[in-house]
Amino acid sequence: MSKALVLVVDDEPQILRALQTNLRGAGYEVETASTAEAALASAAMRPPDAVILDLVLPDGSGIGVCRELRSWSDAPVLVLSVVGDEAEKVAALDAGADDYVQKPFGIDELLARLRALLRRAGPSTEPVLEIGEVVIDLEKHLVTVGGRHVSLTPNEFELLRVLAQNEGKLMTHPAILREVWGPAYGAESHYLHVYISQLRRKLEPDPARPRYLLTEPGAGYRLVNPVAPS
Amino acid sequence: MTGAIFGLKTVAPVLGLAILYLLAVLPVAVLYGLGYALAVSIASMLAFNFFFLPPLHTLALTDSENWVALAVFVVTAVVVSELATRARRRAFAAAEADTLRRSDAAKTAVLHAVSHDLRSPLTAIRAAGEGLESGSLQLGESDRAALLETIRLETARLERLVANLVDLSRLEAGAAPAQRELWPVDELVSRALDALGADAARVAVTLDGEAPLVRVDAAQLERVLANVLENALRFSSPSDPVELVVSSTGDDVLVRITDHGPGLETESLERIFEPFEHGRGGAEGTGLGLAIARGFAEANGCRLWAEPHPASGASFVLAMPSAAARPTLVR
C-alpha cells in the first residue's frame with residue numbers, strides 16, 4: 001500500500017521541519033508549504049490525503065485556505081490553533097476543518113488525530129459498538145460497561161450513539177445537537193454539557209478524570225477508546 | 001439655607017449672616033469647581049438680598065454699604081472656588097504621577113521575575129539538548145532518557161509561564177470578557193485536572209452527588225482551579241495528597257482545595273493573591289498563578305479566598321453562585 005500524503009502548511013520553518021521529520025518517521029509522505037498560495041497550489045498539483053494547516057499564514061488566514069480547499073477537495077483538514085483563541089478555532093471548524101490541535105501540541109496527540117482523520121470511513125453502521133469496556137447495542141438500546149448493565153435515558157443513549165459512531169473524531173456542539181435533538185437545536189450547547197456530565201457519571205470509572213468522553217474546550221466532544229494502541 | 005439663616009436674624013447682625021451663605025458656596029466650590037460655585041454664589045447673593053436686605057422681599061438695594069458687602073461676598077466665593085480647583089488639579093497630577101510610578105515598578109518586577117523564570121528552563125533545555133548532541137559524552141540509555149525528560153518537563157514549564165503571562169496581560173487590559181454559560185461543576189473540575197497533566201494523579205477528588213450547575217466561563221474557571229491546584233501541589237510533598245471537594249450550600253457551589261504543605265500565616269492570607277508574591281517562602285513559580293486565579297474568579301462573579309487549615313497546610317475555597325434550575329431538552 002502506498003504511503004498516505006500529508007500536506008503541512010506553516011510559516012515557521014522550525015515547526016515545519018519538526019513536523020516533517022516526525023510525520024516521515026511515522027510512515028507518511030510529506031509535502032510542505034509556508035504560504036496560503038503555495039498550499040493551494042501544492043494541493044492542486046498533488047492532491048493530499050490529509051492537510052495539517054496553521055491558521056496564521058503570512059499571506060492570509062488559514063481559514064481562507066480551509067474554505068477554498070473544501071470547495072474542491074475532500075481531504076480532511078487538521079488545524080493548528082493558538083491556545084486561547086477559541087473564536088478562531090470555531091471559525092476554522094465552521095469553514096470545513098475536521099479537527100484541531102492547540103499549539104504547542106504534543107506530537108503523539110497530533111499523530112493520533114491524523115490517524116483518526118485518515119480512517120476515512122463515515123460514521124460506523126455496526127449494530128454493536130465496542131469501545132474499550134463500553135459496549136453499545138444499537139438495536140436493543142442496551143449499554144454495558146465492563147459487562148455491567150448501565151441504564152441510560154433516551155437522550156443520553158442518542159448522545160452516546162452519535163459519539164460512538166464517530167469514535168475518535170471531534171464532534172462539534174452544533175453537529176451533536178442537530179443530530180440528537182434535530183435541526184432546530186444548534187446553539188444550545190449548555191444542554192449538551194449537562195448530558196455529557198450525566199453520561200460520564202454513568203460510564204466513566206472516575207467522572208472527574210474522563211477517559212472516554214473527552215471535552216474539546218470551546219469546540220465539542222470526542223469519544224475515544226482509552227485502551228486503543230496509540 | 002435661607003430658612004436656617006432667617007432663624008438667626010434676630011441674634012446676628014444682617015451683614016454677618018451673609019457669611020453663612022458661604023457654607024453653601026464652599027462645598028460646591030470644593031467638589032464641583034468654579035462654574036457651579038459661581039452659579040451658587042450668585043443665587044446666594046440674590047436670595048440674601050431678597051430675604052434679608054432692606055427693602056425686604058425685593059431685589060432692590062437702598063444702602064450702599066450692602067452693595068459693598070455683596071461684592072465682597074461674590075469675590076470671596078470666586079477666590080475660594082479657584083483655590084479649591086487648583087488644589088484639586090494638584091492632587092490629580094500627584095495621583096497620576098503616583099500611578100505611573102507604581103506601574104513602572106510593576107513592570108520592572110514583571111521583567112525581573114519573567115527573565116529569571118524564562119532563563120532557568122531555557123538553560124536546562126539547552127544543556128540537555130547539547131548533552132544529547134555531543135559526540136564526546138558517554139551517555140547510557142537511562143542518561144539519554146533523563147535528558148529527554150528534562151527537555152519535556154522544562155518545555156511544559158515554559159508553556160505554563162507563557163500561558164500565565166498572556167492571562168495576566170488580558171486581565172489587566174480588561175481584554176478577557178467572561179463568556180458565561182451553564183456548566184456542570186464536574187466539567188470544570190475535569191478540565192482543570194486535565195490541564196495539570198501527570199500531576200493530576202496526586203489530587204483526591206470528591207464530587208458533589210448532584211453535579212450542581214454554575215454560570216461561568218469554563219476556560220477561565222479551568223484556569224482558576226488549575227492554578228490553585230498547581231499551587232497546592234507545589235507546596236505539598238509528593239506523598240501527600242491534595243484534596244478537592246465539591247459541595248453545595250444552596251446559594252453557592254463551593255470547591256475546596258486543601259493541601260498539607262507549610263500552611264499560611266493569617267497576615268498573608270490576602271497578600272498571596274497579589275501578583276509576584278511568593279506566598280509560602282518558596283521562590284518557585286512566578287507568583288502569578290493565584291493573582292490570575294482571583295482575577296478570573298472575580299470576573300465571573302465568583303469568590304476565591306484562602307484559609308489556614310486547622311491541622312497543617314492551607315485551604316483555598318472557590319465559591320460560585322449556583323445557577324437555578326437544571327435545563328431539560330425534550331426531543
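Among those contacts within chain A that link residues at least 6 apart in sequence, 55% join residues at least 24 apart. The model examined here is a predicted one, and its chain A contains eight helices and 14 strands. Of the 230 residues that make up chain A, 37% count as buried.

The largest nonpolar core has 59 residues, and the members that touch the most other members are A:V9, A:V51, A:I52, A:L53, A:L78 and A:V79. Helix α8 of chain A, which covers residues 189-203, gives the most to this core, with seven residues. Because domain 1 (5-118) and domain 2 (128-223) of chain A both give residues to this core, the core lies between the two domains. The surroundings of one of these members, A:L78, can be followed in detail: when residues up to four places away in sequence are not counted, A:L78 touches A:A50, A:V51 and A:I52, the run A:D98, A:D99, A:Y100 and A:V101, and also A:R113, A:L114 and A:L117.

In chain A, helix α6 (residues 154-165) packs with α8(A) at an angle of about 90 degrees, and the axes of the two are 10 Å apart. Since angles of 65 to 115 degrees count as roughly perpendicular, α6(A) is therefore described as roughly perpendicular to α8(A). On the side of α6(A), the residues that meet the partner helix are A:N155, A:E156, A:L159 and A:L160, while α8(A) contributes A:Y195, A:Q198 and A:L199. Sorted by class, the contact of α6(A) with α8(A) has four nonpolar, two polar and one charged residues.

Between the two chains, 23 residues of chain B are in contact with 21 residues of chain A. On the chain B side of this contact, α5 (141-172), β1 (181-184), α6 (185-196) and α7 (218-234) each supply at least two residues, and α6(B) gives the most, with six residues. By class, the side of chain B that touches chain A has 15 nonpolar, one polar and seven charged residues.

Several local features of the backbone were also noted. A cis peptide bond joins A:K103 and A:P104, with an omega of about -5 degrees, and A:P104 lies in the loop between β7 (99-103) and α5 (107-118) of chain A. Although A:H141 is not a glycine, this residue has a positive phi of about 55 degrees, and its place is in the loop between β9 (134-137) and β10 (142-145) of chain A. A:H141 counts as exposed because 12 C-beta neighbours lie inside 10 Å, the limit for an exposed residue being 12 or fewer. A positive phi is also found in chain B, where the value for B:A211, likewise a residue other than glycine, is near 50 degrees. B:A211 is placed in the loop between β2 (203-206) and β3 (213-216) of chain B. With 21 other C-beta atoms within 10 Å, B:A211 is buried, since 20 or more are required for that class.

Definitions and conventions:
Residues numbered from 1 in each chain as written. Chains lettered and ligands numbered in written order. Predicted model: local features only at pLDDT ≥ 70, side-chain atom pairs only at ≥ 80, totals over all residues. Contact = placed C-beta atoms within 7 Å. Helix = DSSP H or I, 4+ residues; strand = E, 2+ residues; numbered from the N terminus. Nonpolar A, V, L, I, M, F, W, Y, C, P; charged D, E, K, R; others polar. Core = buried A, V, L, I, M, F, W, Y, C linked by C-beta atoms within 7 Å. Domains from an automatic or database assignment. Axes fitted to C-alpha atoms, helices over the stretch in contact; angles between N-to-C directions. Parallel < 35°, antiparallel > 145°, perpendicular 65-115°, else oblique.
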